[in-house]
Amino acid sequence: MSKRHFLEFEQPIAELESKIDELRYVQNESAVDISDEIDRLSKKSQQLTKDIYSDLTPWQITKIARHPERPYTLDYVNELFTDFVELHGDKAFGDDRALVTGFARLAGRKVMFVGHQKGRNLKERNECCYGCAHPEGYRKAMQKMEMASRFGLPIVCLIDTPGAYPGIG
């Protein structure tokens with residue numbers, strides 16, 4: 001199990017989660033049944049999380065948006081959609097990896113998907129220009145949306161971008 005990254009204002013949650021993990025380990029390694037205590041602490045952790053997240057400052061909200069473990073567009077695609085078929089290119093210049101488009105099924109219904117992709121590691125981020133779309137990406141998105149309109153498909157868009165690519169193009 002990978003270690004979860006907690007922000008500084010989440011430290012009380014981190015400490016409680018650590019205690020819960022220790023108790024689970026103790027329960028697995030011994031014949032002692034402490035599941036009631038684990039359940040009590042889990043509920044306390046959920047309530048603490050609700051309390052902390054209900055009163056965040058603007059800077060804390062910004063930190064959450066920049067969290068290193070937050071899901072990206074393709075994570076949502078993998079979790080929510082089935083039969084995803086990615087469509088590439090803008091028919092004029094090339095493909096922009098910052099914008100992901102394609103056909104997919106959401107709850108059994110065929111949809112057109114359009115979303116920004118920032119990349120998970122440095123190599124992916126460079127390929128995706130950190131989610132900053134180029135003109136060919138915007139053309140690609142428009143063409144796929146027009147295609148969806150012709151086929152009568154709903155369009156699902158996930159927008160997660162710092163803005164357009166700031167280059168000369």
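The model is predicted, so local features are taken only at pLDDT of at least 70 and side-chain atom pairs only at pLDDT 80 or more, while totals for chains, interfaces and linings use all residues. Residues are numbered from 1 along each chain as its sequence is written, and side-chain values use heavy atoms, without hydrogens and water.

I begin with the strands. Helices (H or I, at least four residues) and strands (E, at least two) are DSSP runs, numbered from the N terminus. Two strands count as paired if DSSP finds at least two bridges between them. Strand β1, residues 82–87, pairs with β2 in the antiparallel sense over four bridges, and Glu-86 stands opposite Gly-102 in β2. On β3, residues 109–116, eight bridges join to β2, again antiparallel; there Lys-110 is the bridge partner of Arg-105. The hairpin formed by β2 and β3 has two residues between the strands, and Ala-107 in the turn has a positive phi of about 55 degrees.

How enclosed is β2? Six of its eight residues are buried, so β2 is largely enclosed by the rest of the structure. Buried here means under 20% relative accessible area, exposed means over 50%, and partly exposed lies in between (1.4 Å probe, protein chains only). Leu-106, in strand β2 at residues 99–106, is partly exposed at 32%.

I turn to the interior. A nonpolar core is a set of buried Ala, Val, Leu, Ile, Met, Phe, Trp, Tyr and Cys residues joined through side-chain atoms within 4.5 Å. The largest nonpolar core has eleven residues, among them Leu-99, Phe-103, Met-112, Val-114 and Met-147. At least two residues of this core come from each of β2, β3 and α6 (135–151), and α6 gives the most, with three. In soluble globular proteins, nonpolar side chains tend to be buried together.

Next come the charged pairs. The structure has nine salt bridges, each a side-chain nitrogen of Lys or Arg within 4 Å of a carboxyl oxygen of Asp or Glu. Within helix α2, residues 35–53, Arg-40 and Glu-37 lie three residues apart, about one turn of the helix; their closest N and O atoms are 2.7 Å apart. Arg-40 is partly exposed at 44% relative accessibility, and Glu-37 is partly exposed at 32%.

Which parts of the chain does the salt bridge of Arg-120 with Asp-75 link? With closest N and O atoms 2.1 Å apart, this pair links distant parts of the chain: Arg-120 is in the loop between β3 and α5 (122–127), and Asp-75 is in helix α4, residues 73–80, 45 residues apart.

A further salt bridge joins Glu-127 to Arg-97, at 2.6 Å between the closest N and O atoms. Because Glu-127 lies in helix α5 and Arg-97 in the loop between β1 and β2, the pair ties together parts that are 30 residues apart in sequence. Through shared partners, salt bridges join Arg-97, Lys-123 and Glu-127 into one network.

Finally, the cysteines. There are zero disulfides in the structure, a disulfide being a pair of cysteine sulfur atoms within 2.5 Å. For Cys-157, the nearest cysteine sulfur is that of Cys-128, 17 Å away. Cys-128 is buried, with a relative accessible area of 2%, whereas Cys-157 is partly exposed at 38%.
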